[in-house]
Amino acid sequence: MKRIAVLTSGGDAPGMNAAIRAVVRKALYEGMEVFGINYGYAGLVAGDIRQLHHNDVGDMISRGGTFLYSARYPEFATEEGQLKGIEQLKKFGIEGLVVIGGDGSYRGALALTKHGYPTIGLPGTIDNDIPGTDFCIGFDTAINTVLDSLDKIRDTATSHVRTFIVEVMGRNAGDIALWAGVSGGAEQIIIPEKEFDMAEVATKITEGREKGKKHTIIVLAEGVMNGNKFAEELYKFGDYHARVTVLGHVQRGGSPTARDRVLASQFGARAVDYLKEGKGGLCLGIVNNEIIASDIIDTLEKGSHRPNVALYKLNQEISN
Ligand code: ADP
C-alpha cells in the first residue's frame with residue numbers, strides 16, 4: 001500500500017498521540033503517504049480527512065488525549081454508515097486504515113474488515129478491556145494516576161484513622177482497580193470478576209483495626225457499583241463511616257508514561273509494516289512481552305478479556 005490513514009475513536013487514552021506519531025513517522029519512513037481522520041468514525045463519514053506530514057506530529061509524543069480528536073458516533077454501527085465511510089476512504093485514494101480505540105472502536109474496525117476494507121486495530125483504552133492483548137495504550141498512565149491519588153489518600157486516611165473507598169474507572173473490567181490497588185497497597189480490592197460479600201468486607205476492616213492498622217483503603221472498580229452506594233451498603237454492617245473518593249476523568253488525562261509511549265510506538269510502527277505488505281483484518285497486542293497480531297474477526301468474536309486475577313489473591317495475602 002502507498003496511502004493509509006489513521007483515526008482515534010471512543011474514549012481517549014494517554015498515548016494515543018504517541019501511536020498516531022508512530023504511524024505517521026513510520027509510514028513516511030517507508031515512503032508511504034498518511035492521512036489523519038478527525039473525530040473518529042464521525043469524521044470518516046463526513047470526510048474530515050487531511051494529509052499528515054512529519055511536523056504535524058512534532059511535540060506530540062508527550063501529550064495526553066488525541067490531537068485527531070475523538071467522538072462517539074453510533075451511526076457507524078449501521079451498514080449505511082460503514083459503507084459511507086469506505087466511500088470516503090476510496091475517494092481519498094486511501095488503501096488501508098489504522099483504528100486506535102477501545103471496544104466500540106474495534107467493532108467499527110471489525111465491520112470495515114467484514115466489508116473487505118483493510119483495517120488494523122490498535123488497543124487504546126485506559127480500561128484495558130480489549131481481547132488479544134495483555135495491555136492497552138493508556139492503561140499504564142491511568143494506573144499511575146490512580147496510584148498517585150492513593151498515596152495521597154493514604155496520608156490523610158492514616159492521619160484520621162479512616163476508611164476510604166476509592167472508586168476507579170474500568171467499565172466492566174477490574175484491571176485498573178487490581179493494578180492500582182496492588183501497587184497502592186490497598187487493603188481491599190473489589191472487582192466485577194470476583195464476587196464479594198459485604199459482611200466480609202466489614203469483618204476485614206475490623207480485623208485490620210485490631211491488628212493496629214491506621215487506615216483502610218478499598219479500591220472499588222466502577223463496574224461493581226458506585227462508591228456512594230458501596231459506602232451505604234457497608235454502613236448496614238456496622239458503624240463504618242467510609243469516605244468516598246470518585247477519581248473520574250482525571251484517570252483519562254495526563255502525559256503518557258514511558259511504558260505507554262513505547263507500547264504506542266511499537267503498535268503504530270507494526271501496523272504500518274502490515275499495511276505496507278497489504279495485510280489488514282488484524283488487531284495488535286502485547287502478549288507475554290511480545291508484540292503480536294491476531295485476526296480481528298476471531299479475536300472479537302471468540303476472544304474475551306481476562307484481567308490478571310492472580311493479583312487479587314496476591315493482594316489478599318499481602319495487604320490486609
Ligand atoms: P470505545 O472505542 O472507547 O469502546 P465506544 O464504545 O463509544 O468507545 O465506541 C466508539 C465508536 O465506535 C462509536 O461511537 C461508534 O462510532 C463505533 N462503534 C461502536 N460500536 C460499533 C459497532 N457495533 N459497529 C460499528 N461501529 C461501532
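**Notebook: ligand shell, domains and helix pairs**

I began with the ligand and sorted its shell by class: 6 nonpolar, 10 polar and 3 charged residues. Here Ala, Val, Leu, Ile, Met, Phe, Trp, Tyr, Cys and Pro count as nonpolar, Asp, Glu, Lys and Arg as charged, and the others, Gly among them, as polar. I note that the model is predicted, that local features need pLDDT of at least 70 and side-chain atom pairs pLDDT 80 or more, while totals for chains, interfaces and linings use all residues. Residue numbers start from 1 along each chain as its sequence is written.

**Entry 1: the ligand**

I looked up which of the 19 residues around the ligand come nearest, and found G10, G102, G104, R107 and G108. A residue is near a molecule or strand if its C-beta atom, placed from the backbone, lies within 6 Å of it. Helices (H or I, at least four residues) and strands (E, at least two) are DSSP runs, numbered from the N terminus. The most comes from α4, with 6 residues.

**Entry 2: the domains**

I then read how the protein chain is divided: domain 1 is 3-138 + 256-302, and domain 2 is 141-252. These bounds come from an automatic or database domain assignment. The C-alpha centres of domain 1 and domain 2 are 34 Å apart. To their contact, domain 1 brings 13 residues and domain 2 brings 12. Two residues are in contact if their C-beta atoms, placed from the backbone, lie within 7 Å. On the side of domain 1 that touches domain 2, I noted 4 nonpolar, 5 polar and 4 charged residues.

**Entry 3: α1 and α9**

Two packed helices are described by the angle between their axes and the distance between the axes. Axes are lines fitted to C-alpha atoms, for helices over the stretch in contact, and angles run from 0 to 180 degrees between N-to-C directions. For helix α1 (residues 16-29) and helix α9 (residues 258-276) I wrote down an angle of about 40 degrees, with the axes 7 Å apart. That makes α1 oblique to α9. Angles under 35 degrees count as roughly parallel, over 145 as roughly antiparallel, 65 to 115 as roughly perpendicular and the rest as oblique. The crossing of α1 past α9 is right-handed. A crossing is left-handed if the near helix is turned anticlockwise from the far one by less than a right angle, and right-handed if clockwise. Residues in this contact include A18, A22 and K26 of α1 and R261, F267 and V272 of α9. By class, the contact of α1 with α9 has 10 nonpolar, 2 polar and 2 charged residues.

**Entry 4: α6 and its two partners**

Helix α5 (residues 139-160) packs against helix α6 (residues 175-183) at about 50 degrees, with axes 9 Å apart. The two are therefore oblique to each other. Among the residues in contact I listed F139 and L150 of α5, and D175 and W179 of α6. Their contact has 9 nonpolar, 1 polar and 1 charged residues.

For α6 and helix α11 (residues 310-318) I noted about 30 degrees and axes 10 Å apart. That makes α6 roughly parallel to α11. The crossing of α6 past α11 is left-handed. W179 of α6 and Y312 of α11 are among the residues of this contact.
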